[in-house]
Amino acid sequence: MKKRRLIALTVAACAVAAPALAELPPAAYERARAEATDVVVLDVSRVQMLAPGVMEGTCEVEGRIASVERGARTAGQDVRFDVPCVDPDRQPRPGPFPGYLKTTLARALQVKVWLKDDQPVLRGLDVTAERP
């Protein structure tokens with residue numbers, strides 16, 4: 001009987017803790033984008049990908065600003081920043097946003113980026129044009 005109660009309590013505790021590990025609500029990403037100091041459209045010239053066999057990590061995106069929607073940046077300025085990225089074969093796990101698919105980043109011709117302190121904010125990158 002004690003063993004059943006312990007199992008039931010463990011399951012209940014996990015059920016309560018699981019939402020804490022879940023993705024942030026959409027409002028958190030909207031707020032981060034609203035607080036970005038710079039919003040630019042970038043012509044992508046290079047993406048440094050994950051090493052072969054690495055399932056998640058950081059990819060470096062480099063390019064030239066095509067247009068400025070907000071902030072002090074100027075068109076023609078070179079920009080480089082890191083974004084979290086994942087291999088498409090990575091096994092999904094509960095938790096916060098793991099990163100952008102490296103296959104999507106590899107095809108990116110142009111991206112819209114919300115920057116704060118020279119780095120993209122949470123989910124602050126949208127691919128707006130891709131290679132076929």
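C59 counts as buried, at 0% relative accessibility. Buried here means under 20% relative accessible area, exposed means over 50%, and partly exposed lies in between, with a 1.4 Å probe and protein chains only. C85 is buried too, with a relative accessible area of 0%. These two cysteines form a disulfide, with their sulfur atoms 2.0 Å apart. A disulfide is counted when a pair of cysteine sulfur atoms lies within 2.5 Å. The structure holds 1 disulfide. The pair links distant parts of the chain: C59 sits in strand β2 and C85 in strand β3, 26 residues apart. The torsion about the S-S bond of C59 and C85 is about 80°, so the disulfide is right-handed. A disulfide is a covalent bond between the sulfur atoms of two cysteines.

A word on the model. This is a predicted model, in which local features need pLDDT of at least 70, side-chain atom pairs count only at pLDDT 80 or more, and totals for chains, interfaces and linings use all residues. Residues are numbered from 1 along each chain as its sequence is written, and side-chain values use heavy atoms, with hydrogens and water left out.

Now the sheet. Helices (H or I, at least four residues) and strands (E, at least two) are DSSP runs, numbered from the N terminus. Six strands make an open sheet in the order β4-β3-β2-β1-β5-β6, with mixed pairing. Two strands pair if DSSP finds at least two bridges between them. The edge strands are β4 (100–101) and β6 (119–130), and each pairs on one side only.

Strand β3 (residues 78–86) pairs with β4 in the parallel sense, over 2 bridges. Here V86 stands opposite L101 in β4. β5 and β6 pair in the antiparallel sense over 7 bridges. V113 stands opposite L125 in β6. The hairpin of β5 and β6 has 2 residues between the strands, and D117 takes a positive phi near 55° there.

What lies across β2, β5 and β6? It is helix α2 (residues 26–34), which runs at about 90° to β6. Axes are lines fitted to C-alpha atoms, for helices over the stretch in contact, and angles run from 0 to 180 degrees between N-to-C directions.

A salt bridge is a side-chain nitrogen of Lys or Arg within 4 Å of a carboxyl oxygen of Asp or Glu. By this rule the count comes to 12 salt bridges. One of them joins the side chains of R33 and D126, at 2.9 Å from N to O. D126 is partly exposed, with a relative accessible area of 30%.

Is the pair D38 and R73 buried or exposed? D38 is buried, and so is R73. The two form a salt bridge, with their closest N and O atoms 3.6 Å apart. D38 belongs to strand β1 (residues 38–48), while R73 is in the loop between β2 and β3, 35 residues apart.

D87 and K102 also meet in a salt bridge through their side chains (2.9 Å, N to O). D87 lies in the loop between β3 and β4 and K102 in helix α3 (residues 102–107), so the pair ties together parts that are 15 residues apart in sequence. D87 counts as buried at 9% relative accessibility. K102 is buried as well, at 17% relative accessible area. Elsewhere, salt bridges link R46, E60, E62 and R80 in a network.

R90 is buried, with a relative accessible area of 14%. Contact means heavy atoms within 4.5 Å. Not counting residues up to four places away in sequence, R90 touches M55, E56 and P98.

Last comes the nonpolar interior. In soluble globular proteins, nonpolar side chains tend to be buried together. A nonpolar core is a set of buried Ala, Val, Leu, Ile, Met, Phe, Trp, Tyr and Cys residues joined through side-chain atoms within 4.5 Å. The largest one has 19 residues, and F81, V83, L105 and L125 have the most contacts inside it. β1, β2, β3 and β5 are the elements that give two or more residues to this core. Leaving aside neighbours within four places in sequence, L105 is in contact with V47, C59, V83, C85, Y100 and L125. A second, separate core has 5 residues, including A32, A36, W114 and V121.
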